[in-house]
Amino acid sequence: MTISYNFDGRTVLITGAAQGIGKALAEFFVASSARVAVADRDAALLESEWGSARENVLPLTVDVADRGSVDAAVDTIVNTWGSIDVVVNNAGIARDSVVWKLTDEQWDSVLAVHLTGTFNVTRAAVPHMRANKFGRVVNVTSYTGMHGNIGQSNYAAAKGGIIGFTKSVAKETARFGITANAISPNAATAMVAAVPPEKLAEMTATVPQGRFADPSEMAAAVAFLASDEAAYITGVVLPVDGGVSM
């Protein structure tokens, strides 16, 4: 079997696509001939990265935590291109604090973007996938969602919730030709860049490959899960982490 990662004729929605992993994934899908809706709530950053006219790219300012914003974006995609075939739920934020200092806003905002956002986008897209008897949902979770991390109880709860959500959606939608999977990445994103140097050195030392991945290294895994060839894979969490989760 040869996997070409040719997404010609497929419509892909990627959230959090203005930077980091989301931007790298979008660039990959564009290069693989997909029609790509790049969504982010940071309108200025989205404009700076994707504002120039590019064939088969649709920039959308979207707050994934807001149902109306998501529904409007999905309607725009379907009205523009006629379908939505692949969704990558990548949008995320961090609001770190130990649990006894964690504020309501820090808790609510992290769960709203990660977990509720993943729900909002998936719920809006699945009816269109069902109608076409094809769909790929790829969610971005985290090692922290499975093992926890000091100062990140909100983030861990959200990412752990995404794992359970992914498996449930996989069971609900399998009979419609839809798969739902997740990746657990370990890439050099803006969140990683914000880590103090001494802490970052400690984190890097736990990676068997001795480094954080470039965001572009997540693309092959996501593309495989989104491909026709991965039709019999659903409900999995694929670590793309240099061996951290071993």
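I looked up Thr173 and found that Thr173 counts as buried, because its relative accessibility is 5% (buried means under 20% relative accessible area, exposed over 50%, partly exposed in between, with a 1.4 Å probe and protein chains only). The model is predicted, so I note that local features need pLDDT of at least 70, side-chain atom pairs count only at pLDDT 80 or more, and totals for chains, interfaces and linings use all residues. Residues are numbered from 1 along each chain as its sequence is written, and side-chain values use heavy atoms, with hydrogens and water left out.

I placed Thr173 in helix α6, residues 153–173 (helices are DSSP runs of H or I, at least four residues; strands are runs of E, at least two; numbering starts at the N terminus). Leaving out residues up to four places away in sequence, I found Thr173 touching Val126 and Ile178 (contact means heavy atoms within 4.5 Å).

Next I turned to helix α9. Six of its eight residues are buried, so α9 is largely enclosed by the rest of the structure. I listed the buried ones: Ala219, Ala221, Val222, Ala223, Leu225 and Ala226. They pack against α1, β4 (86–89), β5 (135–140), β6 (178–185) and β7 (237–240).

Then I checked α1 (residues 20–31) against α9 (residues 219–226): they pack at about 55°, axes 9 Å apart (axes are lines fitted to C-alpha atoms, for helices over the stretch in contact; angles run from 0 to 180 degrees between N-to-C directions). That makes α1 oblique to α9 (under 35 degrees is roughly parallel, over 145 roughly antiparallel, 65 to 115 roughly perpendicular, the rest oblique). From α1, Leu25, Phe28 and Phe29 meet Ala219, Val222, Ala223 and Ala226 of α9.
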